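Here is a short briefing to read with the model open beside you. Please have the sequence and the 3D view at hand as you go through the points.

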Amino acid sequence: GDTCRVVCASGYMVTPGHGNVTCLADGTWDLDLQCEVPVVVLSGGQIGEGVTDSSVEILDLHSYKQCKPIIPDMPLQNSSHRSYHNLIYRPETEDILACNGLSS
């Protein structure tokens, strides 16, 4: 069948898995198109000259205030804080993975 893709308004992003739909034989779509407000997850790194941190926070850029979920600090690696790392959210497991980065 025909396919469509969502185009989200400025400030929103496509909800993973809800960006493309296909028209089924009965005239309905195979799922709902959906957009959502993105959030930013920040963690650790250098916060001052010789001062590092392992805290994690979520910023909701839509309402301009910090979200309230409790996320534990990043674990120390070889007794030091991680920096220059990437965080990836996996919605299917609701996990946040830390990839790459440096530690002393």
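This is a predicted model: local features need pLDDT of at least 70, side-chain atom pairs count only at pLDDT 80 or more; totals for chains, interfaces and linings use all residues.

Residues are numbered from 1 along each chain as its sequence is written, and side-chain values use heavy atoms, with hydrogens and water left out.

**The disulfide**

- A search of the whole structure turns up one disulfide, a term that stands for a pair of cysteine sulfur atoms within 2.5 Å.
- The bond joins Cys8 to Cys35, with 2.1 Å from S to S.
- Distant parts of the chain are linked by this pair: Cys8 sits in the loop between β1 (3–5) and β2 (13–14), and Cys35 in strand β4 (residues 35–36), 27 residues apart.
- Strands here are DSSP runs (E, at least two residues), numbered from the N terminus.
- The link of Cys8 and Cys35 is left-handed, with -90° about the S-S bond.
- Cys35 counts as partly exposed, at 31% relative accessibility; buried means under 20% relative accessible area, exposed over 50%, and partly exposed in between (1.4 Å probe, protein chains only).

- Cys4 is in no disulfide, and its nearest cysteine sulfur, that of Cys23, is 8.2 Å away.
- Cys4 counts as partly exposed, at 34% relative accessibility.
- Cys23 is likewise in no disulfide; the nearest cysteine sulfur to Cys23 is that of Cys4, 8.2 Å away.
- Cys23 counts as partly exposed, with a relative accessibility of 23%.

- Leaving aside neighbours within four places in sequence, Gly45 is in contact (heavy atoms within 4.5 Å) with Val51, Thr52, Asp53, Arg82 and Ser83.

- Strands β8 (residues 86–90) and β9 (residues 95–99) run antiparallel and are joined by five bridges; two strands pair if DSSP finds at least two bridges between them.
- Asn86 has Cys99 as its bridge partner in β9.
- Four residues lie between the two strands of this hairpin, and Glu94 takes a positive phi near 60°.
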